Amino acid sequence: MTRRECHKREKKGTDEGTRKTVMICIIAVVVLAITVVGIIFSEDIFRIRQAEESVYDHKVQNPDIAKMSVQALEEVANVAKLERDRDDALFLLLKIYRRRTILDLYSFYENHPGNRFTDEALAIVTHKSDSLYEVACKTNTEQGWSDFLVKTPEVLHRDGEERYDEFRWAKTAELWDTEEKAWEQVTLLHSYDTYKRYIKMYPEGEHVKDAKKKLEEIKKKEERKILNKENDRKRYNEWIKRMHKYHMFEK
């Protein structure tokens, strides 16, 4: 074998060795990434399952409560004198709301704060919202972000509204390219978002003062709606407290 042939063979062997090393490194990186993702995911699942185990250790002690409708269970959870009865109602409500939407489960958390059942509800809501957020990020479409915003509670929207608006406003960009056109759109649509967008795009604009005034009016109107809802719920709870429809209220 000539010297040249030996050199070629050595070079070929070196190249093959290099390729094998690179392939091994790539495989190692992929395996490591999968392992890390698996650990994170398993920890998240473990946290939820741990909460579930503590909650599902509960046994319903009052057979009458087990036969109640959702509305009746809500009443028991709000005003029952015995902690045992409240826990029975909350446990059954959690089982029901888990089969419903994320928003329903979050409303259960909001309406019955500060106990182990609602702690689990929040853990599940957060996990499901995070999953939907990841899907929206991956698809990154107007419909994807719209679905995320519709299906998750506002407090967990993160930057979802801004990312959705990027798609929504892009369709009408030509209608906002001058202040005059923008103000026409604002007066036509008369919404919180459009007034806010006008102020952001034209901070020194001729109609900024009017836009800020309208924003405050809309904001106060929404606050009054929320207050009215809270007052309605308070009146409802006071009425329930005067009722003694179920014997556990008398205990």
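Lys214 is partly exposed, with a relative accessible area of 32%. In this predicted model, Lys214 forms a salt bridge with Glu217, and the count of salt bridges comes to five.

**Lys214 and Glu217**
- The closest N and O atoms of Lys214 and Glu217 are 3.9 Å apart.
- Both residues belong to helix 11 (residues 208-242), where a spacing of three residues puts about one helical turn between them.
- Glu217 is partly exposed, at 39% relative accessibility.

**Arg98 and Glu120**
- Arg98 pairs with Glu120 in a salt bridge, with 3.2 Å between the closest N and O atoms.
- Arg98 lies in helix 4 (residues 83-98) and Glu120 in helix 6 (residues 116-139), so the pair ties together parts that are 22 residues apart in sequence.
- Arg98 is partly exposed at 29% relative accessibility, whereas Glu120 is buried at 1%.

**Arg163 and Asp159**
- A salt bridge joins the side chains of Arg163 and Asp159, at 3.7 Å from N to O.
- Arg163 has a relative accessible area of 23% and counts as partly exposed; Asp159, at 28%, is also partly exposed.

**Second largest pocket**
- The second largest pocket holds about 510 Å³ of space.
- Its lining has 15 residues, of which Glu162, Asp165, Trp169, Asp193 and Lys196 are the closest to the centre.
- Helix 8 (160-170) and helix 10 (192-201) each supply at least two lining residues, and helix 8 gives the largest share, seven residues.
- By class, the lining has ten charged residues, five nonpolar and no polar.

Key. Residues numbered from 1 in each chain as written. Predicted model: local features only at pLDDT ≥ 70, side-chain atom pairs only at ≥ 80, totals over all residues. Heavy atoms only, no water. 1 Å grid on protein atoms, 1.4 Å probe; cavity = no way out; pocket = protein on both sides within 12 Å on 5 of 7 lines; lining within 4 Å. Points joined across faces, edges and corners; volume = space filled by probe spheres on them. Helix = DSSP H or I, 4+ residues; strand = E, 2+ residues; numbered from the N terminus. Nonpolar A, V, L, I, M, F, W, Y, C, P; charged D, E, K, R; others polar. Salt bridge = Lys/Arg side-chain N within 4 Å of Asp/Glu carboxyl O. Buried < 20%, exposed > 50% of the residue type's maximum accessible area, 1.4 Å probe, protein only.
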